[in-house]
Amino acid sequence: FLIRILSMLSDNINPIIRDNKLIDIKFKFSKYTLYFRDSYLILPLSLKKLSKSFSVEEKSIFPYTFVNNSNIPLEYEDKVPSFNHFENISKDEYLIYSEEFKSKKWNLKNETIKYCSKDVISLYQVLDKFNKIIFDNFRLDCYKYPTLSSLAFAIYRSQFLGENKIPIISGKIYEDIKNSYTGGSVDVYIPYGENLYFYDVNSLYPYIMKSYAMPTGNCTYFEGEIDLSSKKYFGFFEVEVELTDQLFIPLLQKRFKTKTGTKTIASIGKWKSFYFSEEIYKGIELGYKFKVLRGYLFDKTHIFNDYVDFFYNWKMNSEKNSTYYIVSKLLLNSLYGRFGMNPIAPKHVIVSEEEAINYYNYDIIDIIPLNNGKELISYMTDWTKNGHDNVQNFLNISVPIASAITSYSRIFMHKFKTNYKTYYSDTDSLVTDTLLPNDLIGKDIGLMKLEYVSNKSVFIAPKVYGSITNKGEIVRIK
């Protein structure tokens with residue numbers, strides 16, 4: 001919708017799109033250059049929550065379902081819509097709002113304009129205050145960074161990286177190590193249970209980043225068998241794997257291509273793939289057998305201690321849901337994502353339907369007609385598709401770092417899954433029928449917190465479950 005309207009006003013529009021999300025739209029109009037961005041990508045919380053946390057003018061309430069009725073004209077003028085047309089407000093809030101219209105009629109057009117104006121003012125005040133905090137503490141202008149992960153990375157690189165050397169990997173090395181990067185472990189183990197406990201880890205990825213050494217320095221390639229029993233080799237190895245024991249919850253994941261897309265599976269049997277050395281060592285303890293074929297060795301350094309400590313202290317010394325509490329929590333959890341970005345992404349261009357033919361020699365990903373004589377074309381050039389040969393494409397990402405963080409996290413979670421009867425697990429959470437010991441519970445980073453207790457739970461698939469709990473009925477469907 002936005003691009004279609006803008007393309008009617010100018011022939012000079014440059015959109016940046018990643019994973020079907022609009023990151024930035026550069027729009028030249030007359031002598032001005034404007035940038036359209038999604039504030040949710042820099043502050044991913046509701047405006048209502050942000051307004052409270054940043055102590056700015058709060059957004060007003062509005063009867064969304066009332067205005068979404070096509071039978072209601074914009075010129076509607078009568079009594080205040082009923083309570084059920086408002087979302088996420090209390091009866092008291094509704095009564096206070098209604099008091100304003102005791103002596104006058106409620107006008108839909110006026111209230112819509114007022115609501116939209118307050119939204120814009122609230123968001124502006126939040127962003128202005130957020131930018132001031134970032135600039136005062138780190139001398140960075142947050143408006144130069146369209147996403148929270150890019151801002152977190154800029155803060156880390158300018159304030160906390162120091163002399164540490166993060167490996168920038170491209171080409172064949174990137175393709176090899178990327179095979180070890182399979183994300184969090186999410187699965188259903190027992191589909192139904194009663195009297196279950198739902199636990200989450202406090203800031204799992206920041207805890208892992210602080211507590212474990214990461215691959216740094218130069219990358220050294222080797223071929224042939226190495227002595228895994230010494231546990232002194234650190235890096236990513238291509239191995240032949242064999243697991244014949246019937247492990248109820250296997251550790252090692254691998255991506256498989258199927259007819260319906262790529263699936264991540266933790267299986268038994270025999271296969272070949274790349275894995276992080278520390279996950280291989282843990283696998284040996286669990287009964288996996290490995291034959292090393294080749295691999296890449298790195299130095300090992302704790303490179304995130306200062307960053308995590310700084311923002312964790314901010315968080316712990318701030319009142320819950322206050323400005324600094326929210327900012328520190330967001331920046332704590334956003335740094336990891338930058339390292340795992342895919343460096344190979346399509347380009348996007350807006351051209352007339354007549355000019356579109358000039359792009360048909362490229363590998364076209366998508367064409368969206370804008371119904372105004374122009375099209376939004378997404379395409380891969382030889383450079384974007386085979387970006388391994390151009391290191392510029394790989395700057396500011398590091399798949400070894402991302403893979404190490406997720407591998408350490410899987411190892412961390414696996415000990416809970418094997419020590420306690422587990423019904424369901426996500427990247428940083430698990431559901432068990434056992435109360436965990438007190439020494440594993442707490443507010444500190446890396447400890448567990450009990451989210452809720454369920455009377456009955458059913459687990460259909462990863463990210464799909466429902467529970468009747470001490471906090472009401474909870475349903476999750478992704």
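**Exercise 1. Is glutamate 285 buried or exposed, and which residue does its side chain meet in a salt bridge?**

Step 1: Glutamate 285 has a relative accessible area of 53%. The cut-offs are under 20% for buried, over 50% for exposed and partly exposed in between, using a 1.4 Å probe and protein chains only. Glutamate 285 is therefore exposed.

Step 2: The side chain of glutamate 285 meets that of lysine 282 in a salt bridge, 3.4 Å from N to O. A salt bridge here is a side-chain nitrogen of Lys or Arg within 4 Å of a carboxyl oxygen of Asp or Glu.

Step 3: Lysine 282, with a relative accessible area of 22%, is partly exposed.

Step 4: Both residues lie in helix H9 (residues 277–286), three residues apart, or about one turn of the helix. Helices (H or I, at least four residues) and strands (E, at least two) are DSSP runs, numbered from the N terminus. An α-helix has 3.6 residues a turn, so residues three or four places apart point the same way.

A note before you go on: this is a predicted model, in which local features need pLDDT of at least 70, side-chain atom pairs count only at pLDDT 80 or more, and totals for chains, interfaces and linings use all residues. Residues are numbered from 1 along each chain as its sequence is written, and side-chain values use heavy atoms, with hydrogens and water left out.

**Exercise 2. Which residues form salt bridges with lysine 114?**

Step 1: Glutamate 100 is one partner, with the closest N and O atoms 4.0 Å apart. This pair links distant parts of the chain, 14 residues apart: lysine 114 is in helix H5, while glutamate 100 is in the loop between helix H4 (91–99) and strand E5 (106–107).

Step 2: Glutamate 111 also forms a salt bridge with lysine 114, at 3.3 Å between the closest N and O atoms. Both of these residues lie in H5, three residues apart.

Step 3: Now check accessibility. Glutamate 111 is buried at 8%, whereas lysine 114 is partly exposed at 37% and glutamate 100 is partly exposed at 42%.

**Exercise 3. Lysine 417 is buried yet has no salt bridge; how far away is the nearest side chain of opposite charge?**

Step 1: Find the residue in helix H13 (residues 399–419).

Step 2: Look for an opposite charge, counting Lys and Arg as positive and Asp and Glu as negative, without His or the chain ends. The nearest is aspartate 187, 7.6 Å away.

Step 3: List the neighbours. Leaving out residues up to four places away in sequence, lysine 417 touches Ser185, Tyr189, Ile249, Thr422 and Ser425; contact means heavy atoms within 4.5 Å.

Step 4: Lysine 417 is also among the residues that line the largest cavity, together with others including Ser185, Arg410 and Asp426. A cavity is a set of points on a 1 Å grid over the protein atoms alone where a 1.4 Å probe fits but cannot get out, and lining residues have an atom within 4 Å of a point. H13 gives the most to this lining, with four residues.

**Exercise 4. Where is serine 55, and what is its phi?**

Step 1: Serine 55 sits in the loop between helix H2 (47–53) and helix H3 (64–67).

Step 2: Its phi is near 50°, a positive value in a residue other than glycine. Most residues other than glycine have a negative phi.

Step 3: Serine 55 is exposed, with a relative accessible area of 60%.

Conventions. 1 Å grid on protein atoms, 1.4 Å probe; cavity = no way out; pocket = protein on both sides within 12 Å on 5 of 7 lines; lining within 4 Å.
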